[in-house]
There are 2 protein chains.
Amino acid sequence: MKPEKLYHQISKKASFLCVGLDTELSRIPSHLQKAKDPIFEFNRQIIEATHSYAVAYKPNLAFYEKLGPKGWDSLAKTLEVIPEDIFVIADAKRGDIGNTSRLYAKTFFETFHFDAVTIAPYMGKDSVSPFLEFEDKWVFLLALTSNPGSQDFQYHTDSGVPLYQSVLEKAQIWEKEYPGHLGFVVGATRAESLQEIRNIAPQSFLLVPGVGAQGGDLHSVCQYGKTELGGLLINSSRGIIYAGGDSEDFADKAGQAAKQLQEAMSAYF
Amino acid sequence: MKPEKLYHQISKKASFLCVGLDTELSRIPSHLQKAKDPIFEFNRQIIEATHSYAVAYKPNLAFYEKLGPKGWDSLAKTLEVIPEDIFVIADAKRGDIGNTSRLYAKTFFETFHFDAVTIAPYMGKDSVSPFLEFEDKWVFLLALTSNPGSQDFQYHTDSGVPLYQSVLEKAQIWEKEYPGHLGFVVGATRAESLQEIRNIAPQSFLLVPGVGAQGGDLHSVCQYGKTELGGLLINSSRGIIYAGGDSEDFADKAGQAAKQLQEAMSAYF
């Protein structure tokens with residue numbers, strides 16, 4: 001997807017909302033368990049109920065891989081029912097030597113038609129650039145994550161520059177070759193760092209998970225993260241898709257949760 | 001697999017050889033292209049021809065994922081024909097927040113029965129430990145990789161300690177909770193660093209890709225990498241599995257290439 005198209009969606013819907021499709025069989029309402037493909041049926045209804053408020057969907061691949069070949073089928077069918085103008089991110093956190101990264105890129109961008117993929121930066125530029133060589137495809141590079149383990153290496157500091165800032169800085173250089181197609185994953189629980197991150201990457205798209213279940217604060221994320229054109233995707237997974245618990249109207253409840261987040265976001269437009 | 005069992009294999013076969021099953025449809029000999037499942041048929045014959053010389057197999061997941069659900073089927077069938085006493089590594093380079101890593105671990109260890117998985121360390125301890133909580137299962141953590149991009153972040157140096165050494169050091173502490181089940185990926189093109197690495201991680205298993213196609217030197221890897229009990233897995237992928245090119249006797253050729261490497265390794269026993 002071209003950046004202008006994503007900016008347009010964000011502005012039209014007054015929303016940064018990305019819905020994380022982290023769908024687990026054990027958390028799907030009982031009345032759906034007997035459907036032919038419960039994961040797909042759940043996703044389909046969630047998408048139908050939330051797509052007016054969301055600008056992006058983000059399936060985390062772990063949830064589909066766990067089910068073996070059947071999981072990949074459910075994923076493929078899910079992607080087919082996401083409206084064409086909505087951005088779709090494969091949360092895969094891949095990253096391998098160049099020729100292998102190229103295969104992953106083909107999987108996500110050609111076999112599955114995702115718009116973007118999340119990548120771990122540890123192996124450096126040649127593990128990232130194969131993904132960027134696809135036209136109108138995007139990478140979100142892990143920068144500062146929201147989990148406790150982010151303390152282990154992301155603050156490893158060389159001449160005053162913590163690793164996550166070095167990732168941002170180097171990737172800003174790589175991004176010059178592929179303008180507008182390299183963004184960063186920044187956990188919402190690190191909202192206090194968002195200002196610094198915006199200094200280093202003033203225009204980059206930031207994908208911010210952790211609002212809701214992981215305790216991130218929507219207000220500071222919007223305040224410090226947004227750019228003039230938008231530049232922000234805020235992910236909520238469990239807080240939306242499981243808002244209805246085991247009830248038959250789970251999709252309505254998910255729609256309401258999405259609407260509520262979008263309305264809170266609309267204050268920043 | 002218990003460490004003793006792997007040490008036993010290594011010593012019995014006088015071999016550190018890990019065969020990388022990075023199987024691409026386009027590189028499979030023409031006479032196999034019409035098989036019902038060419039990838040599986042190729043792997044089956046490669047395994048039959050090489051298993052006397054190898055102590056481990058390592059499919060890189062990218063090659064199977066690229067084929068969609070069918071690829072996962074080929075992978076599952078391949079794992080079934082690997083002899084039970086040989087170690088099997090999922091080269092997956094995953095790593096995500098704790099509950100998601102747990103799902104990946106279930107996929108590789110329960111759905112697919114791998115013995116080990118490769119993990120990127122960027123997200124820290126809680127992205128790694130869910131894999132280690134499975135009994136007799138292993139993690140190989142990326143430390144110093146063999147690709148050009150390894151220069152970008154792995155040498156990011158805090159108080160004299162480059163990031164890859166910090167990964168080794170911290171993981172040595174984590175390993176105390178799971179003795180013998182945490183190893184490291186160290187590219188063979190970095191053989192000069194192997195001595196340093198052995199100082200930090202004197203007993204850990206090292207998984208060393210890059211001998212052969214990537215230009216690594218078998219001699220220095222064995223010399224500096226091996227421990228008293230073994231402690232080394234040296235991977236060769238293309239150099240073995242494609243040794244026969246398009247010929248009908250590709251499996252014999254692969255067997256010869258594996259034998260040749262094993263014989264060179266046997267000098268270090």
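Residues are numbered from 1 along each chain as its sequence is written, and chains are lettered from A in the order in which they are written. Because the model is predicted, local features need pLDDT of at least 70 and side-chain atom pairs count only at pLDDT 80 or more, whereas totals for chains, interfaces and linings use all residues.

**View 1. The contact between chain A and chain B.** The contact takes 45 residues from chain A and 45 residues from chain B, two residues being in contact if their C-beta atoms, placed from the backbone, lie within 7 Å. On the side of chain B that touches chain A, helix 5 of chain B (98-111) gives the most, with seven residues; helices here are DSSP runs of H or I with at least four residues, numbered from the N terminus.

**View 2. The relation of the two copies.**

**View 3. Helix 2 and helix 4 of chain B.** Helix 2 of chain B (residues 38-50) packs against helix 4 of chain B at an angle of about 20 degrees, with their axes 9 Å apart, the axes being lines fitted to C-alpha atoms over the stretch in contact and the angles running from 0 to 180 degrees between N-to-C directions. The two helices of chain B are therefore roughly parallel to each other, a term for angles under 35 degrees. Ile39(B), Phe40(B) and Asn43(B) of helix 2 of chain B make this contact with Ser74(B), Lys77(B) and Thr78(B) of helix 4 of chain B.

Technical notes. Angles under 35 degrees count as roughly parallel, over 145 as roughly antiparallel, 65 to 115 as roughly perpendicular and the rest as oblique.
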